[in-house]
Amino acid sequence: MTSIPPANAPTPDDDNAVDVIDDITSKEQVKARPKPRTEVPLASGGHRLRKLLTSRVASLAAIVIAVLWTIPTAGLFINSIRPEADIRSSGWWTFPFNPNVTLDTYNYVLYSTGSSGGLVNYFVNSLVITIPAVLFPVAFASMAAYALAWINFRGATWLFIGIFALQIVPIQMALIPLLSFFSQGLTIGELTVIPAWNLSGSQTFIQIWIAHTIFGLPLATFLLHNFVSELPRDVMEAARVDGASHSVIFRKIVLPLITPALASIAIFQFLWVWNDFLVGLVFGGGPATQPLTVRLADMAGTWGDGWTRLPAAAFISILIPLLVFALLQRFFVRGLLAGSVKG
Amino acid sequence: MLGLGLAAFILVIVVLLALAELVAKRGSKALTAAVFLAPVGLLLGAGLVVPAARTLGLSMFDGSGENFVWFANFQWIFTDSGAQIILLNTLLWVVLTPLIATGIGLLYAVLIDGKRGEAIYKSLVFMPMAISFVGAAVIWRFIYDHRGGTDQIGLLNQVVVWLGGEPQAWLQMWPWNTLLLIVVLIWVQTGFATVVLSAALKGIPAEIQEAARIDGATPWQEFWRVTIPSIRPAIIVVVVTISIASLKLFDIVRTMTGGQFRTGVVADSMWFQAFRLGEAGRGAALAVVLFIMVIPIVAYQVHNLKRRQEETR
């Protein structure tokens, strides 16, 4: 880290269509967007040369970091489309000298009934897990966020801080009791309050959904509260004066206004659930409900004969989040900034 | 099952909203709030608060969960040599990951600030955030792969060979293996640091920077005396967030080494003890240790949050 590069004035190219992140940050921070920074007149030719040099070094450093961060994923992708013999005998960087391409591995891991095949079932499992596990926490959290921000009841602030503070409880701490709650129900002394759930096979989706909903709520409530509490006070008060109940205000005014925020939180929760491993591992009931990540970790854990199929399998599991990320990046970044810059 | 889940979702929401409307007609504020908060309250109470309390109790019982053993499990954590390595590794994770990820993220954010194609630069480094830890672990296992001879398929050992060195079985050598696993988490988290810090950089008023330049500050001085202090809150948030992620880290270790070769961390050993070895007491004790390590970080965040709440009210 030698020096910062001279800040270029924003050029028209900065605002092209792919400028997703830039676009969103500039919208979020319209006021703060730096004006074109005028350069202080340079003192001498030597100074100018030195500036040029450091700007070259800075550009080079940025490119090096970008390349280093991209190579691992690119290497995995290249390996995933090479024939098995090639993967086994040479590194992916030899691909340009020996460009054999095949989609057989994808075909095998998705549909084969062999030992490292059948991923399409786990793919469906991941989908079945993810969709309700996104809807429930976002809906519940938005209701709670509204109540905490706009129903002026005593202790609202403390309750909000309490929910936020629950992030203190690592998932690991809740695993054993939550699992035994599902398998044994709840008994106090001799009294059975809730009987055992006795879920098996595909029914274990239910306990995965519940677990994900619980673990997603503290952050979702916190993030949504950030958005909901910033709605204009006069709109809410006008609605109250007109006699609208909290329930009506929530449905007719708040929900439409926070739709972009809901999308942000939903994407957050989507990536979290789709990429989760621990909850799926502990609460999933075997092949009927386990998500892709658990299967992939199994395959990687044994590193047996099928290891050449790992790149294709891994790429199948990261494809959906990568797509979601690429298409909906602006929402994702908005949620991220709401949670972190303000939090 | 998906249909069932969606039907349950619609049913629950309709019932809740109907209930809220019913209560709101009566005009009771407390009752309305109760309905709105009921799902979150019930789920968090039954799913986090009560289980956490039970884990606290469980940590003082033996593996069968029947015999009360006082602090024997904690004694095991702090005296057993295998468990001590786990604590040391966790310490390495939680110190190195936030520092390096935030450092590189900040450097990168500064380097690309206002650069042509800034958004593409950002997306490239941000992309690993979308990849699961399991996926990332598979990606990096290929990079760390080792075989005898000069034909390597792992990039790291190939680079070593190109430089004239001997290929190593990196993932079996402590502390290299832990350090290399930490690299994976850094790879994932740097994008987060970049995006947040880059937004913070754009929030620095141009006037301040101009003033510093007119006063003759060198770029170096400007960076340390103007830029860094201006984005300090964002830096702290990034460090805190990554610290928590490092403490709870589980997937990368489980997928890459399974906790073997002395790579175990607290979150991973907790799972292994409780669900593989049937040592529920030790597992719970490890979870409690994790809990205690997170407390100061979250307490700090709560402190900030309370201050902000008081400012806005």
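A: Residues 6-24 of chain B are 100% helix and 0% strand in this predicted model. The end C-alpha atoms of that stretch are 27 Å apart. Helices here are DSSP runs of H or I with at least four residues, strands are E runs of at least two, and both are numbered from the N terminus.

UniProt, in an unreviewed entry, lists residues 6-24 of chain B as "transmembrane region".

Now the packing. Helix H8 (residues 176-202) of chain B packs against helix H4 (residues 81-112) of chain B at about 40°, with the axes 6 Å apart. That makes H4(B) oblique to H8(B). Axes are lines fitted to C-alpha atoms, for helices over the stretch in contact, and angles run from 0 to 180 degrees between N-to-C directions. Under 35 degrees counts as roughly parallel, over 145 as roughly antiparallel, 65 to 115 as roughly perpendicular, and the rest as oblique.

A wider span comes next. The unreviewed UniProt entry places "domain: ABC transmembrane type-1" at residues 87-303 of chain B. This span is 73% helix and 0% strand, and its end C-alpha atoms lie 27 Å apart.

Helix H14 (residues 280-312) of chain B holds Gln309(B). Gln309(B) is buried, at 8% relative accessible area. Buried means under 20%, exposed over 50%, and partly exposed in between, using a 1.4 Å probe and protein chains only. Leaving out residues up to four places away in sequence, Gln309(B) touches Thr157(A), Phe160(A) and His225(A). Contact means heavy atoms within 4.5 Å.

Phe215(A) also has partners in the other chain. Beyond neighbours within four places in sequence, its contacts include Gly47(B), Leu48(B) and Phe283(A). Phe215(A) and Phe283(A) are among the residues that touch the most other members of the largest nonpolar core, which has 209 residues. Such a core joins buried Ala, Val, Leu, Ile, Met, Phe, Trp, Tyr and Cys through side-chain atoms within 4.5 Å.

Residues are numbered from 1 along each chain as its sequence is written, while chains are lettered from A and ligands numbered from 1 in written order. Local features need pLDDT of at least 70, side-chain atom pairs count only at pLDDT 80 or more, and totals for chains, interfaces and linings use all residues, while side-chain values use heavy atoms, without hydrogens and water.

Terms used
UniProt positions are given in the numbering used here, feature names are shortened, and annotations may be inferred rather than shown by experiment.
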